[in-house]
Amino acid sequence: MKFSLIAVIVFALAISSESASLVKRDASAELDKIAKYFQDFVDNLKNVEGPELANKASAYLEQSRAQFQPMVEKLQEQLKPFSNIEDQIKPLAASVQAQVAPLADMVQTHVEDVLKFVADKTKTMLPPQ
């Protein structure tokens, strides 16, 4: 709030310096308008109280909540089927594991046979010690 007040003051000073530099302008009338604007602005700031701002903020939050509540409920309803996804995946995982287990055992047996074959062939190729 203070920064906007400072910005408005700087802006007013820039306008007043520009209007003073122009030849056929009545600077005092414009300065009076600007001074009146700032005085009204300051008076309005003094009239605004903390509880009033809190009430306005609270009302805005309630309005936003009322606006977004239906969307949130709709999204929750759409996500409800995904809440029990673990219960759906567990039987599928068990089924896949039951189907893959014999294949894994068979691959392990073949790998062990290949390693045994390579070890035996390597022993026969090496000179005896």
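Student: What should I know about the model before I start?

Tutor: Residues are numbered from 1 along each chain as its sequence is written. Since the model is predicted, local features need pLDDT of at least 70 and side-chain atom pairs count only at pLDDT 80 or more, while totals for chains, interfaces and linings use all residues, and side-chain values use heavy atoms, with hydrogens and water left out.

Student: How many helices and strands are there?

Tutor: Helices (H or I, at least four residues) and strands (E, at least two) are DSSP runs, numbered from the N terminus. Here the protein has four helices and zero strands, in the order α-α-α-α from the N terminus on.

Student: Where is the kink in H4?

Tutor: A bend is the angle between axes fitted to the seven residues ending at a residue and the seven starting there. In H4 a kink of about 30° sits at Val100, shortly before the proline Pro102.

Student: Which side chains meet in a salt bridge?

Tutor: A salt bridge needs a side-chain nitrogen of Lys or Arg within 4 Å of a carboxyl oxygen of Asp or Glu. The structure holds one: Glu62 with Arg65, at 2.9 Å, N to O. These residues are three apart in helix H3, so about one helical turn separates them.

Student: Is Ile89 buried, partly exposed or exposed, and which patch residues accompany it?

Tutor: Buried means under 20% relative accessible area, exposed over 50%, and partly exposed in between (1.4 Å probe, protein chains only). Ile89, in helix H4, counts as partly exposed because its relative accessibility is 48%. A nonpolar patch joins nonpolar side chains (Val, Leu, Ile, Met, Phe, Trp, Tyr) within 5 Å, from residues with over 30% relative accessible area and no salt bridge. Leu75, Leu79, Phe82, Ile85 and Ile89 make one of about 480 Å². Helix H3 (50-79) and H4 each supply at least two of its residues.

How values were computed: Patch = residues over 30% accessible without salt bridge, like charges linked within 9 Å, V, L, I, M, F, W, Y side chains within 5 Å. Areas by Shrake-Rupley, 256 points an atom, 1.4 Å probe, with all protein chains shown as cover.
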